[in-house]
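Please keep the sequence and the model in view while reading.

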Amino acid sequence: MSVTSYTYFDLQAVEPCRGDGSQVIPLLQVVQEKHGYVPEGAIREICEITGTPESDIFSVITFYKQFRLQPPGKYLIKVCDGTACHVMGASTLLDVLYDSLKIETGDTTADGLFTISPVACLGCCSLAPVIMVNDETFGGLTPQKVRVILNDYRKKG
Ligand code: FES
């Protein structure tokens with residue numbers, strides 16, 4: 001029985017991806033970009049489209065930190081781990097976030113407010129180290145500044 005529609009993909013658009021395992025990551029990126037995470041139903045559809053077993057798709061998701069299996073919190077904190085930010089202390093900022101929020105990479109705080117997501121270069125290296133909270137960019141950061149930013153967002157709720 002052939003599929004007549006998908007929930008997460010346009011049937012026509014994914015036709016060239018049919019049976020092509022190399023399309024797993026691009027399709028995961030499409031879903032995550034649109035929904036903020038990769039729902040289980042999307043994994044089933046990617047399996048059907050590309051012929052890749054669901055277990056292999058899960059392995060890809062867990063290997064690449066960019067993918068999430070749960071919806072992000074209200075505030076998605078992207079921590080740049082590009083070269084410039086790394087040299088300027090990005091890992092220290094990450095430690096501050098872990099410590100303050102009591103979560104790890106990819107997790108969301110129990111109140112649903114914050115999710116931490118390390119990312120590659122955010123494109124504003126001269127401001128290193130940089131984080132983004134949703135669409136807002138913060139540069140020249142120190143651990144103290146990160147704590148202030150978190151408190152500001154906590155107050156917003
Ligand atoms: S390395 Fe962080 S913004 Fe480029």
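The cover over the buried residues of helix H5 includes strand S1 (75-80), helix H4 (83-87), strand S2 (114-119), strand S3 (131-133) and helix H6 (143-156). Helices (H or I, at least four residues) and strands (E, at least two) are DSSP runs, numbered from the N terminus. This is a predicted model, in which local features need pLDDT of at least 70 and side-chain atom pairs count only at pLDDT 80 or more, while totals for chains, interfaces and linings use all residues. Residues are numbered from 1 along each chain as its sequence is written.

The residues of H5 that are buried (20 or more other C-beta atoms within 10 Å of their own, with C-beta atoms placed from the backbone) are Ala 90, Leu 93, Leu 94, Leu 97 and Leu 101. Because they cover an arc of only 100° around the axis, they lie on the same side of H5; the arc is that of the directions from the helix axis to the C-beta atoms. After H5 comes Lys 102, with a positive phi near 60°.

The domain assignment, which is automatic or from a database, gives domain 1 (15-63) and domain 2 (75-156). Their C-alpha centres lie 27 Å apart.

Notes: Buried ≥ 20, exposed ≤ 12 C-beta atoms within 10 Å, placed from the backbone. Contact = placed C-beta atoms within 7 Å.
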